[in-house]
Amino acid sequence: MTTPLFRLLLALTLVDLGFVHATGVVPELELAPLWALTLAAPWLRRLQRHLAYRLGWNVLVLAVFASLANHAATSGLLHMLEDGLTLAALSQVHLINNVGGRQRPDLLFFNSFLIAFVTGFFAPDLSWCALFALHAFLVVPALQWNAIEVAGVALDPARARALWRTALGHTVALLAITALLFVAWPRDFRRKGWIDDNLPFAGPVTGGGERIRVDDEDATPLSPNVVARIRPDSGKLDDVPAHWRTMVFAAFDGREWHRQDLVLPAPRFRTDFTWRAQEDGVLTRADDATPVAGMALTLLAAEHGRLPSPLGAVRIAATTAASGTLKPHNDGTLTLDRDARMPVGGTWRVDVAASPRRVGIAPMTRKRLTALPPRLPVAVRELSDELRRSGAAEGTIATRADEATRWLQRNRRYMLPGQEGFARNLGDFLLGGGAGHCEYFATALTLLLRQQDIPCRLVGGYLAREWDDAAQEVVVRGRHAHAWVEVLDERGAWLTFDPTPPAEIGDGAAGDSMFAHIRDALESAWASVTGFNATSRGEAFAALGRAARDHGWLVGLAAAAIAGLAALARAGRQPATVRQLRRAMRRAGLRLAPGETPRELIARAIACGVPATRRARLAAAVAAHDAARYAAPVR
């Protein structure tokens with residue numbers, strides 16, 4: 001194997017590790033040794049002639065495979081994706097460190113394609129697509145270079161440059177075909193597929209998770225991807241509710257929170273006003289409530305098919321064809337219709353009421369909303385006693401909930417999972433032995449209130465506080481996923497309490513740096529790409545049709561420019577002697593007649609009286625052309 005081919009394969013392996021890293025599934029600590037071994041491959045491959053080196057690599061791969069297989073057998077499907085990607089990355093690093101002159105890199109090419117293909121299901125964002133483009137510009141010349149080496153053809157510098165030019169053209173053509181297929185057959189990037197529907201991966205996802213586990217200490221990646229944009233009619237941040245709900249959790253078993261619509265199925269256990277669909281598709285509830293604020297919600301990522309909405313929403317209406325239909329639940333949350341093909345990129349009009357609405361609930365439902373887990377942590381009772389001694393367990397329900405909220409904000413520390421000092425479990429957090437995330441704070445407040453027989457529930461969604469002053473709208477990102485508590489007061493109205501210290505989680509506002517603005521611009525551009533669907537395609541073609549009808553001269557000018565660029569590109573591919581001959585003919589004012597040779601053209605130039613200087617240039621160009629084409633001048 002030549003050095004240029006090995007360098008291409010090394011760069012390809014680094015891109016493959018980037019694919020795995022972009023998924024956010026494999027911890028960075030596990031990837032760090034693989035990055036180091038790949039970067040050290042130019043020096044390590046010199047040891048391939050030693051049997052101990054090759055044997056050590058094979059033993060390492062087998063040992064890791066056995067360890068991952070045992071992990072999968074004991075943990076089920078929960079870590080199957082992480083283990084599979086780790087093994088694929090290790091295999092690729094093993095191949096780049098052991099491929100030599102006697103081995104063909106066919107398996108390395110196949111494994112690289114497999115990694116790019118599989119990770120595309122879990123990281124379809126801007127970083128993955130940038131890596132995919134880089135992957136294409138590496139794998140095509142690597143395949144061509146390998147084919148030439150297998151054929152035994154020596155590559156001198158001129159042929160190597162020709163190979164790079166050919167590979168570049170092929171890569172650009174493939175990417176252009178991919179773009180055309182995307183336009184002709186747009187793919188909804190966020191729509192669930194077979195994997196999401198059939199592999200029950202569990203995890204502590206707050207923004208739209210099917211369930212919440214409070215005993216998971218693994219670090220959760222904070223995604224900067226934009227989930228939604230909210231534009232208030234008033235253009236003011238204060239008119240946008242901070243908490244946007246996606247799921248409500250009512251039952252806690254001491255380890256996991258379970259969704260309310262599963263443990264309290266409608267209509268018997270109704271806890272909120274029911275959404276009613278009108279003939280025009282508009283959803284309304286609480287007819288006696290007067291909207292005081294309106295806003296437009298544009299959804300760019302439908303986590304678990306949920307539409308974020310505030311507790312005070314009383315009217316929701318789709319304003320674009322891509323919005324699809326909504327299915328309401330008995331807890332007031334909304335699910336995008338699974339049959340809707342284009343939910344991402346849709347926009348809804350959301351109207352919010354000022355005062356909380358009152359709703360009557362059945363005694364059995366109230367009992368479910370005050371239920372405590374069978375094994376209540378001792379720390380809950382001790383903390384409840386401490387609050388009672390401080391006077392925080394007196395007064396109205398709103399007063400007691402507010403006092404408990406403030407107590408947690410003052411006396412407990414906020415920290416993300418995976419960091420040093422994070423609580424070992426919920427009891428450790430309640431006793432102050434470690435810090436916790438928003439799910440710990442919300443769970444602690446819920447248990448403290450239920451200890452006082454106050455109906456409450458945990459809510460997952462997004463904290464919408466990042467204000468884009470230029471666009472006059474709120475930006476909601478994946479990292480704004482949050483958990484808080486809703487409490488039912490004596491009047492039967494749901495009230496929102498957020499026990500997480502606001503100074504710790506911050507408002508998520510974007511920085512004013514140039515890098516932040518560039519990042520936001522790229523994310524917005526990429527959101528428009530991932531939101532491109534059949535409706536967007538129709539709108540784009542309709543806009544092009546209107547432009548052609550209203551500004552035909554501009555379309556003609558653009559077509560002429562494209563034709564000119566194509567002609568220049570064709571001319572650029574012609575040999576230099578051909579281009580020189582064409583220039584000489586243009587200066588002489590002559591063109592080759594059908595069947596006429598360049599030598600016959602010189603005779604016609606003499607007969608037509610072409611000036612001697614131009615005839616001399618034409619003769620020199622003809623001689624150079626014939627020498628290049630026939631390897632000897634024609635006499």
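1. In this predicted model, the largest share of a positive surface patch comes from helix α20, which supplies four of its residues. The patch as a whole is formed by R582, R583, R586, R587, R591, R614 and R617.

2. R587, one of the arginines that form the positive patch, has its place in helix α20, and R587 counts as partly exposed because its relative accessibility is 48%. Q580 is also found in helix α20, and with a relative accessible area of 35% Q580 is partly exposed. Along the sequence Q580 and A624 are 44 residues apart, while in space the distance from C-alpha to C-alpha is 8.7 Å.

3. The surface also carries a nonpolar patch, which is formed by L107, F110, F113, L114 and F117 and which has about 530 Å² of accessible area together. One of these residues, L107, has its place in helix α6, a helix that covers residues 106-119. L107 counts as exposed because its relative accessibility is 52%, and the cut-off that matters for this label is over 50%.

4. Turning to charged pairs, the count comes to 16 salt bridges. Among them is the pair of R245 and E486, whose closest N and O atoms are 2.7 Å apart. This pair links distant parts of the chain, since R245 lies in strand β3 (residues 243-252) and E486 in strand β16 (residues 481-488), 241 residues apart. Are the two partners buried or exposed? R245 is buried, with a relative accessible area of 1%, and E486 is buried as well, with a relative accessible area of 0%.

5. A further salt bridge is formed by R479 and E466, with the closest N and O atoms 3.8 Å apart. Because R479 lies in the loop between β15 (473-477) and β16, whereas E466 lies in strand β14 (residues 466-468), the pair ties together parts that are 13 residues apart in sequence. In this pair R479 is partly exposed, with a relative accessible area of 28%, but E466 is buried, with a relative accessible area of 2%.

6. R604 and E596 likewise form a salt bridge, in which the closest N and O atoms are 2.9 Å apart. Here R604 is partly exposed at a relative accessible area of 28%, whereas E596 counts as buried because its relative accessibility is 15%, and buried means under 20%.

7. Salt bridges also join R229, R231, D468 and E473, which are linked in a network.

8. A last point concerns D351, which is found in strand β12 (residues 347-353). With a relative accessibility of 10%, D351 counts as buried. The side chain of D351 makes a polar contact with the side chain of R349, at a distance of 3.1 Å.

Definitions and conventions:
Residues are numbered from 1 along each chain as its sequence is written. This is a predicted model: local features need pLDDT of at least 70, side-chain atom pairs count only at pLDDT 80 or more; totals for chains, interfaces and linings use all residues. Side-chain values use heavy atoms; hydrogens and water are left out. Patches are made of residues with over 30% relative accessible area and no salt bridge: like charges are joined within 9 Å, nonpolar side chains (Val, Leu, Ile, Met, Phe, Trp, Tyr) within 5 Å. Accessible areas come from the Shrake-Rupley method with a 1.4 Å probe; for residues, only the protein chains shown count as cover. A salt bridge is a side-chain nitrogen of Lys or Arg within 4 Å of a carboxyl oxygen of Asp or Glu. Lys and Arg count as positive and Asp and Glu as negative; His and the chain ends are not counted. The place of a charge is taken as NZ of Lys, CZ of Arg, CG of Asp or CD of Glu. Helices (H or I, at least four residues) and strands (E, at least two) are DSSP runs, numbered from the N terminus. Buried means under 20% relative accessible area, exposed over 50%, partly exposed in between (1.4 Å probe, protein chains only). A polar contact is a pair of N or O atoms within 3.5 Å; within protein, one must be able to donate a hydrogen and the other to accept it, and residues adjacent in sequence count only if both atoms are side-chain atoms.
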